[in-house]
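Dear colleague,

Please find below the structure that I am handing over to you, with its sequence. My notes on what was found follow directly after it.

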Amino acid sequence: MGMCLDVEGCGFENRANARFCARCGIPLHASVLQGRYEIVDFIGKDRGTATLKAIDRSESLLVTIRALIPRGVSAEEQESFLQDAELAVALSARVDDPGSIRVIDYGKDGPLVFLVKSDPSSTAARVESNPIFRSPLPLPGEGVDEEEAAATQLRIMVPSHAEGPQHAPVQKNTGQPAQHDWLVQGNIAYERGDYEEALRAYEEATAVDVVSVEAWRSKGATLLCLGRAEEALLAYDHAISLYPKDPELWTARANVLRELRRPDEEMYCYDQALAYDPDYVYAWSGRGMALAEQNKPEEALLAFDRALLIDARQSIVWQAMGDTLYSLHRYDEALIAVDRALSLDQSRASLWDTKGNILRRLGQAEQAFALHERAIQMDEQNATLWFDKGNDLRELRRYGEALNDYDHALALDPTLAGAWYNRGNVLAALHMYEDALASYDQALTYDDGLTSAWYNKGSLLHELQRHEEALVAFDRALAGDVHYIPAWNNKGLSLFALGRMDEALAALDQATSFAPEEPDAWYNKAVVLEKLGRKQEAVSCQEWASSLEQRARSARSSQ
């Protein structure tokens, strides 16, 4: 087993042959980054970064590695780090002062993004080929606070694109290794998105070393990216058979099972991950998202709470919590959660979209509209954003503009049933009933379980005196929700218009039994009873309806 080099802060016992700590993600002793930089010691950590000593195998020099600690770091933060590192390399190429700290290389290997610093003018740090290091010698000038200096250097003097050609990249190692490192080749292909090439390399790696957990893990991740979930599951199963106590492997397996829609097995994987590491934040967050998908929002919130207690910087978890609270109509709490997410990451259009939807629900449609416009500026090809902006405009009764946005959404995604449905609602509000019916039909083509679309279609057909067709639509709505009171009421009205009084009364009986406090159904029932000659019952229904309306008026006036 290889203990994490950060003994005080982590100290996790990793499996044999692991390259990175399974808990915090920093490289282990003797692991080699990108086939070149061999890690020999841990110096310290500060503000989410770790500093390590390493040997540059190609130059036989001691170098310093500064890396983002992978645990809890977002892809955006990693990209920003690499951009800063690229700039630092370019700036360092201009530095000729003896004893100065220079950034000579940067890159990504597995979960780690890093930069490499060295003193190229010094020969004191040069080492013999293939040494065994236990306590590496200090670099010349180590008394300088180099971490602070490097951090400052990375953030100054951003060159313009118009300044001319960029400096050539630092020369990489050209020596031929004794044995081809398929794992490194696979990692490089994976990072550039060439998953087919990555898979070929990982398959070679697993053939060369059948007990390499990293190779099987990487193969599983690649197969999942290629949409081959069943094969990805087999790869993760093999990795887990080699190292069953790795919470990351169990959580990755859970992600595959989510794709395969096997929720019970997915939850078992999260349980296993948390049994081995109760503080593994990604298992808690994954568990919460799975529970939300299984319509268990209260349990999901408990899981999100636990994840955020472990690491409150998880913007994705705050957003997931906000979405879950939104689904429970707890809009004030949802807004707090989304604001926390935005305080950590303002770069995701989906966050601004979610906040806009919450504000619309809170009756602040103008503010919601501004946020949805901001989201669209960030992701113009997202149909959902145009749909939500259209909903703001519909709420503001700016129907013409709302129609334009629904049409824009549908041009991007013609299968968006909600956009067809709300487009129909706007057309109905404009009394364009035939056009509205066509929109409802389109919505039902893509989601025939959309109960409210069946009801609205039936109501329009009733208005157009197409009562037989209206009955079919109302029955479809009631098949989806037998307690849909307006559908029972309007079905009664259509049956009344067709002269089918007994059936109309039966439908209105259902409406009044499910909603005894609803005066409209009682008024309609009174009309049907009158038509059937049951005058005393009609009068009773009429009086009861009047008393309900009076009670409602009194309640409103007392508020």
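Predicted model: local features only at pLDDT ≥ 70, side-chain atom pairs only at ≥ 80, totals over all residues.

Leu 115 lies in strand S8, residues 112–118; helices (H or I, at least four residues) and strands (E, at least two) are DSSP runs, numbered from the N terminus. Leu 115 is buried, with a relative accessible area of 0%. Here buried means under 20% relative accessible area, exposed over 50%, and partly exposed in between, with a 1.4 Å probe and protein chains only. Along the chain Leu 115 and Leu 82 are 33 residues apart, and their C-alpha atoms are separated by 8.0 Å.

Residues are numbered from 1 along each chain as its sequence is written, and side-chain values use heavy atoms, with hydrogens and water left out.

Overall composition

The protein chain has 24 helices and 8 strands. Of its 559 residues, 49% are buried. Taking contacts (heavy atoms within 4.5 Å) between residues at least 6 apart in sequence, 48% join residues at least 24 apart.

Nonpolar cores

In soluble globular proteins, nonpolar side chains tend to be buried together. A nonpolar core is a set of buried Ala, Val, Leu, Ile, Met, Phe, Trp, Tyr and Cys residues joined through side-chain atoms within 4.5 Å. The largest such core in this model has 139 residues, and those with the most contacts inside it are Ile 26, Leu 33, Tyr 37, Ile 65, Phe 114 and Met 321. Apart from this core lies another, of 8 residues, among them Leu 68, Phe 81, Val 89 and Val 113. Not counting residues up to four places away in sequence, Met 321 touches Leu 301, Phe 304, Asp 305, Leu 308 and Ala 337.

Gln 319 is found in helix H11, residues 315–327. Gln 319 is buried, at a relative accessible area of 8%. With residues up to four places away in sequence not counted, Gln 319 touches Ala 341, Arg 348, Ser 350, Leu 351 and Thr 354.

Helix H8 (residues 263–276) has 14 residues and reaches 20 Å from its first C-alpha to its last, close to the 20 Å expected at 1.5 Å a residue; the expected span is 1.5 Å times one less than the number of residues. Its buried residues are Glu 266, Met 267, Cys 269, Tyr 270, Gln 272, Ala 273 and Leu 274. What covers them includes helix H7 (247–259) and helix H9 (281–293).

Arg 261 is found in the loop between H7 and H8. Although Arg 261 is not a glycine, its phi is positive, at about 55 degrees. Arg 261 counts as exposed, at 76% relative accessibility. Asn 295, found in the loop between H9 and helix H10 (297–310), has a positive phi near 60 degrees and is likewise a residue other than glycine. Asn 295 is exposed, with a relative accessible area of 66%.

Cavities

How many cavities of 30 Å³ or more does a search of the whole structure find? The search finds 2. On a 1 Å grid over the protein atoms alone, a cavity is a set of points where a 1.4 Å probe fits but cannot get out, and lining residues have an atom within 4 Å of a point. Grid points are joined across faces, edges and corners, and a volume is the space filled by probe spheres set on the points.

The largest cavity has a volume of about 40 Å³. Gln 34, Lys 108, Asp 109, Val 184, Asn 187, Ile 188 and Glu 191 line this cavity. Strand S7 (102–109) and helix H3 (182–191) are the elements that give two or more residues to the lining; the largest share, 4 residues, comes from H3. The lining divides into 2 nonpolar, 2 polar and 3 charged residues, where Ala, Val, Leu, Ile, Met, Phe, Trp, Tyr, Cys and Pro count as nonpolar, Asp, Glu, Lys and Arg as charged, and the others, Gly among them, as polar.

Two further residues

His 462 is found in helix H19, residues 451–463, and is buried at a relative accessible area of 18%. Ser 74, in the loop between strand S6 (61–68) and helix H1 (75–92), is partly exposed at 25%.

Yours sincerely

Conventions. 1 Å grid on protein atoms, 1.4 Å probe; cavity = no way out; pocket = protein on both sides within 12 Å on 5 of 7 lines; lining within 4 Å.
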